Amino acid sequence: MTLSEIADGLEVTASQRDRGVAVADDTETPLVDRLAAHADDLPCTPEATATLVDAFTAGRSVGDAAREAGVSPMTGAKALHRCGVEGVCPLAPTRRDVVRDWLDGRIARSEAVALAGGDEADFALATYVETHDPLSAVAEAVDAHIAGSAPLGAGSGGSDGDALGGALGSPDGLR
């Protein structure tokens, strides 16, 4: 059996999603300057937002990043959400459906809070996430900043050009 016989009758039923060009940033413009044009749409200053993004993407928690930026954890989570950072909503997707039901007037707020299973702060943040979309221009600036902020392994404790800090050992030891 040949390949053409095997492929006979096959057809493509789905199309490939075009993801566009990979994000690359060579403008050298600081994130704070890019955020300044959107200051009115952010829950805190562009300086605080840039600090939040840097701290959170470096692996700190939302609370730690917010303390570093000098804002409350709730404000920090809101700002990160507006920047398009994933994972700041404390409720799972099915519990966010409960928030949407409350926003649509299908259930009472007290019932929604109980069904969502979080506390009042979690419910308030989930409500903010559901009622405020990430800002696309800000998200693009943050993505570009993150993509161009540090090479792979930077800040890993390496020295003398060893970005991974000797984690891989010496190839001489493999002989």
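Which residues does Arg 82 touch, not counting residues up to four places away in sequence? The points below start there.

1. **Arg 82 and its surroundings.** Arg 82 touches Asp 41, Leu 42, Pro 43, Tyr 128, His 132, Asp 133, Pro 134, Leu 135 and Val 138, leaving out residues up to four places away in sequence. Contact here means heavy atoms within 4.5 Å. The residue lies in helix α5, residues 73-82. Helices are DSSP runs of H or I of at least four residues, numbered from the N terminus.

2. **Basis of the model.** This is a predicted model; local features need pLDDT of at least 70, side-chain atom pairs count only at pLDDT 80 or more, and totals for chains, interfaces and linings use all residues. Residues are numbered from 1 along each chain as its sequence is written, and side-chain values use heavy atoms, with hydrogens and water left out.

3. **Charge at Arg 82.** Arg 82 is buried yet has no salt bridge. Buried means under 20% relative accessible area, exposed over 50%, and partly exposed in between (1.4 Å probe, protein chains only). A salt bridge needs a side-chain nitrogen of Lys or Arg within 4 Å of a carboxyl oxygen of Asp or Glu. The nearest side chain of opposite charge, Asp 41, is 4.7 Å away. Lys and Arg count as positive, Asp and Glu as negative; His and the chain ends are not counted.

4. **Confidence.** Mean pLDDT, the predictor's confidence in each residue from 0 to 100, is 82 for the protein. Of its residues, 77% reach 70 or more. Among the elements, α5 has the highest mean (96) and helix α1 (residues 3-7) the lowest (84). Over residues 150-164 the pLDDT is below 50. That stretch has 10 contacts in the model beyond near neighbours in sequence. Where pLDDT is low, the predicted coordinates should not be read in detail.

5. **Nonpolar core.** The largest nonpolar core has 37 residues. Such a core is a set of buried Ala, Val, Leu, Ile, Met, Phe, Trp, Tyr and Cys residues joined through side-chain atoms within 4.5 Å. Those with the most contacts inside it are Leu 31, Leu 52, Phe 56, Val 71, Leu 80 and Val 138. Elements giving two or more residues include α2 (31-36), α3 (46-57), α5 and α9 (136-149). The largest share, six residues, comes from α3. Phe 56 touches Ser 61, Val 62, Ala 65, Leu 80, Val 85, Glu 86 and Val 88, not counting residues up to four places away in sequence.

6. **Val 32.** This residue is found in helix α2. Val 32 counts as partly exposed because its relative accessibility is 25%. Leaving aside neighbours within four places in sequence, Val 32 is in contact with Pro 46, Glu 47 and Ala 50.

7. **Salt bridges.** The count comes to eight. Arg 96 in helix α6 and Glu 130 in helix α8 are 34 residues apart; their side chains meet at 2.7 Å, N to O. Glu 130 also pairs with Arg 100 at 2.8 Å. Arg 106 bridges to Asp 101, again with closest N and O atoms 2.8 Å apart. Shared partners join Arg 96, Asp 97, Arg 100 and Glu 130 into one network.
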